[in-house]
Amino acid sequence: MSAPGYRVRRATTDDLDQLKALWAASALPQEELEKQFTDFQVAQSPEGVVAGAVAMQLAGSDGRIHSEVFVDFALSDTLRPLLWERLQAVARNHGLFRLWTEETALFWKKDAGFSAAAIPAPEAFAGARGPWLALRLKDESADPALLEAQFNLFREAERSRREKFLRWAGALKVAGTVLAALLLIFLLGALAWFIRHRPPAPR
């Protein structure tokens with residue numbers, strides 16, 4: 001993956017010093033990003049300079065694109081498509097269903113196809129700045145997030161039906177108890193009436 005003369009690959013420890021300089025120039029949290037530097041994809045010039053980089057955080061079947069940096073912003077139009085192509089390959093290799101980003105560059109909406117997220121971002125991405133953009137990569141019918149949401153709806157509907165049944169059964173039990181009590185009172189009354197009105201025994 002190279003054009004024009006740039007090679008896009010996964011970051012290694014050899015890139016750390018250059019990445020730290022880029023993070024510092026963009027006011028990004030260096031210590032935090034250093035712990036996850038292998039999440040970064042870098043665009044390297046023929047001279048070995050890391051000219052741009054972007055990270056993808058993985059969480060189950062979701063991926064978060066973040067911390068985009070360039071040594072010269074004038075290179076962004078050249079490097080973003082290369083980095084995006086690499087990110088898509090990483091997403092395919094990990095079988096991701098959806099990508100998320102908070103990057104604000106027009107490229108992510110216009111060229112990459114991201115749009116305003118219609119569902120909440122995974123909890124693993126909590127604490128991010130937002131607002132979220134999302135891009136579905138695979139058919140929703142097989143999306144674990146959607147399947148889980150549908151299962152939760154089914155479970156909630158079942159719980160509601162069970163509670164309704166239990167209320168109905170409780171009401172039926174009360175009605176049965178009341179009916180049994182009334183029947184007992186009737187039988188006792190009938191027995192008392194019979195005892196009071198039974199004919200005297202013959203002498």
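Biologist: What kind of model and numbering am I looking at?

Modeller: This is a predicted model, where local features need pLDDT of at least 70, side-chain atom pairs count only at pLDDT 80 or more, and totals for chains, interfaces and linings use all residues. Residues are numbered from 1 along each chain as its sequence is written, and side-chain values use heavy atoms, with hydrogens and water left out.

Biologist: Is leucine 87 buried or exposed?

Modeller: Buried means under 20% relative accessible area, exposed over 50%, and partly exposed in between (1.4 Å probe, protein chains only). Leucine 87 has a relative accessible area of 0%, so it's buried. Its C-alpha atom is separated by 7.4 Å from that of methionine 56, 31 residues apart along the chain.

Biologist: And where is leucine 87 found?

Modeller: In helix α3, residues 76-93. Helices (H or I, at least four residues) and strands (E, at least two) are DSSP runs, numbered from the N terminus. Together, β4, α3 and β5 make a right-handed β-α-β unit. Right-handed means that, with the strands pointing away from the viewer, the path from the first strand over the helix to the second runs clockwise.

Biologist: In which sense does β4 pair with β5?

Modeller: Two strands pair if DSSP finds at least two bridges between them. β4 and β5 (residues 98-101) have four, in the parallel sense, and aspartate 62 stands opposite arginine 98 in β5. With strand β3 (residues 50-59), β4 pairs in the antiparallel sense over seven bridges; there, alanine 55 stands opposite histidine 66 in β4. β3 and β4 form a hairpin with two residues between them, and glycine 60 in that turn has a positive phi of about 65°.

Biologist: How many residues of strand β4 are buried?

Modeller: In general, side chains in a regular strand alternate between the two faces of the sheet. Here, nine of the nine residues of β4 (residues 62-70) are buried, so the strand is largely enclosed by the rest of the structure.
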